Amino acid sequence: MLDVAVIDDPAAAEVSLDPIRARLLAELAEPASATMLAAKVGLPRQKVNYHLKTLEQHGLVELVEERRKGNVTERVMRATASSYVISPVALAPVAPDPSRAPDRLSARWLLAVASRLVRDVGELITGATRAQKRVATFAVDGEVRFASAADRAAFAEELSGAVTALVAKYHDETAEGGRPHRLVIAIHPRVAPESVQTRTTGSDGTEES
């Protein structure tokens, strides 16, 4: 089982977004049969079997073993990954394009850059998995608390200068056998964990935060 799998097929993305199937994927972090899952999710075994076959057809679950119980063969399934990320490739015709109106201070442009990051790293992971190789990547994830907007702006300016100097030092356009790497640095307000996905539906059917 992979830690993270990238879904780039539109049909597989649609399948994974079904609430019941998403629940089954979560339950299948540990191997289980349709009978075992039916008891957990409160659905008939036949319906669970239908969803499992659909997930299997799209490579989201896999067969672990078959157990013979009387006249019935029980299939024990497991999710192919602990978690999944849907690549923008699955929505290629409407995927965001960072080259369109780049603006370092735009949150929407940052989202477009992040989408490209998911797409590119997803493709790298898929290719590396097939070749049974590792991808050379590096990431820093941290948190900084600014006392004021002025401090935040000063930090961004200083960070930009430091990165520009590093790129100038190590970038070699003429290096034989060199491989270009993409550098992404972002700053955004932290989202409180408890506020993630806390949308509720209003009386008029619209979403409220």
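Good morning. I begin with helix 2 and helix 4, which pack at an angle of about 80 degrees, their axes being 10 Å apart. These two helices are therefore roughly perpendicular to each other. Please bear in mind that this is a predicted model.

Which residues make this contact? Helix 2 contributes I20, R21, L24 and L25, while helix 4 contributes V48, Y50, H51, T54 and L55. By class, the residues of this contact of helix 2 with helix 4 divide into six nonpolar, two polar and one charged.

Let me stay with helix 2, which spans residues 19–27. Within helix 2, R21, L24 and L25 are buried. Viewed down the helix axis, the buried residues fall within an arc of 100 degrees, so they line one face of helix 2. An α-helix has 3.6 residues a turn, so residues three or four places apart point the same way. On the face turned away from the buried side, helix 2 carries the exposed residues P19 and A26. The partners of the buried residues of helix 2 are helix 1, helix 3, helix 4, strand 3, strand 4 and strand 5.

I turn now to helix 3, residues 34–41, and helix 4, residues 45–57. Helix 3 and helix 4 pack at about 110 degrees, with axes 8 Å apart. That angle makes helix 3 roughly perpendicular to helix 4. The crossing of helix 3 past helix 4 is right-handed. On the helix 3 side, the contact is made by A34, T35, L37, A38 and V41, and on the helix 4 side by R45, V48, N49 and L52. This contact of helix 3 with helix 4 has six nonpolar, two polar and one charged residues.

Thank you for your attention.

Notes: Residues are numbered from 1 along each chain as its sequence is written. This is a predicted model: local features need pLDDT of at least 70, side-chain atom pairs count only at pLDDT 80 or more; totals for chains, interfaces and linings use all residues. Side-chain values use heavy atoms; hydrogens and water are left out. Axes are lines fitted to C-alpha atoms, for helices over the stretch in contact, and angles run from 0 to 180 degrees between N-to-C directions. Helices (H or I, at least four residues) and strands (E, at least two) are DSSP runs, numbered from the N terminus. Angles under 35 degrees count as roughly parallel, over 145 as roughly antiparallel, 65 to 115 as roughly perpendicular and the rest as oblique. A crossing is left-handed if the near helix is turned anticlockwise from the far one by less than a right angle, and right-handed if clockwise. Contact means heavy atoms within 4.5 Å. Ala, Val, Leu, Ile, Met, Phe, Trp, Tyr, Cys and Pro count as nonpolar, Asp, Glu, Lys and Arg as charged, and the others, Gly among them, as polar. Buried means under 20% relative accessible area, exposed over 50%, partly exposed in between (1.4 Å probe, protein chains only). The arc is that of the directions from the helix axis to the C-beta atoms.
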